[in-house]
Amino acid sequence: MTAPANASEMNDATGASGGPDAPGAPDASGAPGVVGAPGVPDAARERLRRWRLVLGGDEADGTGCVLAGQDAAMDGALTALYGKGSKAQSGRDRSAGLGASAPSVARWLGDIRTYFPSSVVQVMQRDAIDRLGLSTLLLEPEMLEAVEADVHLVGTLLSLNKAMPETTKETARAVVRKVVEDLEKRLATRTRATLTGALDRSARVTRPRHHDIDWNRTIAANLKHYLPEYRTIVPERLVGYGRASQSVKKEVILCIDQSGSMAASVVYASVFGAVLASMRSIATRLVVFDTAVVDLTDQLDDPVDVLFGTQLGGGTDINRALAYCQSQITRPADTVVVLISDLYEGGIRNEMLKRVAGMKASGVQFVTLLALSDEGAPAYDHEHAAALAALDAPAFACTPDLFPEVMAAAIEKRPLPIPDTR
């Protein structure tokens, strides 16, 4: 059985209160939107109702519930995607039945935005695109205006970029810009604050002002000067934080695999690249690659331009991309290279590993992210990940919320906060 969303999302979607016909409003039988089921306690009827919406309904679904009012309309929207209209069949045999015509899809998009919360709408849109091959309909401006924009939709639009007619491109850019601006609002402030602190702490001074003293390091450096009779330490050497000036303190190179599976990572990395580029103390370079390498650094002031400069899909040559990044490094000890890739290398594997080892030996902080998204690690090359870990460059998936902490740790040259995935 293919459920339209996970259980908690469906419970939230089908349990909201509303008017007489809204989900949760009782009908004549006392059940919310459910006809029949006399003598069944309210809590049990509500549970049956929700399972009926998930399973699709008929004599084989086991609930015995018949929906009415807005619940019936919700079920119709689900059936259009996950079922075959009015044809009776078990939930296990449900298959896609949404007609791929622009008018019917536009109506359906309007319906699901009426009946379900945004999180469920995004899941259903993604399923419609993946299961029913509706990507080409996104090339029509009126369709784009009807969808609920999210990171995954942006990835789909970018993959269609080369096939997109001129009449659709402005609408597509507007959709992408809305998502990018929402991400920047969520991520920018915390990223700047975290990295500014890391830059300050990375500049150690031996004659700090009182409020800049790093007391933990100062105490550790002066333990031999402990006076037992006074039960105190008399510090002979102070260790403190410097203050990051407006000059460039660190250089960051984001090297992004633009193969199709990395779509969400490309979106997030472009947003973070723009945020980093806005900080004067960090010189940021953004490089995307498949079998070719493209430097998009001069477009970092507008992440939408960066995204439309990418081309999702194609092969992968990590070695070539790292060779280019290595050629751009001028201050190894002050450089952080972030490779974002699933590590399926189509180039020369041994040369790729030699480049990583060479960069680390020169003082570069090298970070390998299998993904930069909320979905966790995609399929990736485990052999290459193990080889990088042996070079002290462990590969792991990173959420957007964790990324500022990862960058701060790399800037300060301390252990990375690798999430526990066990």
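Mentor: A salt bridge is a side-chain nitrogen of Lys or Arg within 4 Å of a carboxyl oxygen of Asp or Glu. Please keep in mind that this is a predicted model.

Trainee: Which residues are linked in a network of salt bridges?

Mentor: The network links E46, R49, R50 and D71. Side chains of opposite charge can pair when their charged atoms come close.

Trainee: And how many salt bridges does the count come to?

Mentor: The count comes to 20 salt bridges. One of them joins the side chains of R186 and D401, at 3.2 Å from N to O.

Trainee: Where do R186 and D401 lie?

Mentor: R186 belongs to helix α8 (residues 166-202), while D401 is in the loop between β12 and α15 (403-412). The pair therefore ties together parts that are 215 residues apart in sequence.

Trainee: Which residue meets R320 in a salt bridge?

Mentor: The side chain of R320 meets that of D317, at 4.0 Å from N to O. R320 is partly exposed, with a relative accessible area of 47%.

Trainee: Why does D317 count as buried?

Mentor: Buried means under 20% relative accessible area. D317 has 15% relative accessibility, so D317 counts as buried.

Trainee: What about D334 and R331?

Mentor: Their side chains meet in a salt bridge as well, at 3.7 Å from N to O. D334 is partly exposed, with a relative accessible area of 26%, and R331 is partly exposed at 28%.

Trainee: Changing topic: in what order do the 6 strands of the open sheet come?

Mentor: The order is β9-β8-β7-β10-β11-β12, and the pairing is mixed. β9 (293-295) and β12 (395-398) stand at the edges, each with a single partner strand, so one side of each is left without a neighbour in the sheet. On average, neighbouring strands of this sheet are turned by 25° against each other, direction ignored.

Trainee: Which helix packs on the sheet?

Mentor: Helix α12 (residues 318-327) packs on the sheet and touches β7, β8 (282-289), β9, β10 and β11. The direction of α12 makes about 155° with that of β8.

Trainee: How many residues of strand β10 are buried?

Mentor: In β10 (residues 335-340), 6 of its 6 residues are buried. In a regular strand the side chains alternate between the two faces of the sheet. Both faces of β10 are covered, with T335, V337 and L339 on one side and V336, V338 and I340 on the other.

Trainee: In which sense do β7 and β10 pair?

Mentor: Strand β7 (residues 250-257) and β10 pair in the parallel sense, over 6 bridges. I256 stands opposite I340 in that pairing. Strand β11 (residues 365-372) also runs parallel to β10, joined by 5 bridges. There, L339 stands opposite T368, and V337 stands opposite F366.

Trainee: What do β10, α13 and β11 make?

Mentor: Together with helix α13 (residues 349-361), β10 and β11 make a right-handed β-α-β unit.

Trainee: One last topic. How many residues has helix α5?

Mentor: Helix α5 (residues 118-132) has 15 residues and reaches 21 Å from its first C-alpha to its last, close to the 21 Å expected. Its buried residues include V120, V123, D127 and L132.

Trainee: What comes just after α5?

Mentor: Just after α5 is G133, which takes a positive phi of about 65°.

Notes
Residues numbered from 1 in each chain as written. Predicted model: local features only at pLDDT ≥ 70, side-chain atom pairs only at ≥ 80, totals over all residues. Heavy atoms only, no water. Buried < 20%, exposed > 50% of the residue type's maximum accessible area, 1.4 Å probe, protein only. Helix = DSSP H or I, 4+ residues; strand = E, 2+ residues; numbered from the N terminus. Pairing = 2+ DSSP bridges. Right-handed = clockwise from strand over helix to strand, strands pointing away. Expected span 1.5 Å × (residues − 1). Axes fitted to C-alpha atoms, helices over the stretch in contact; angles between N-to-C directions. Contact = heavy atoms within 4.5 Å.
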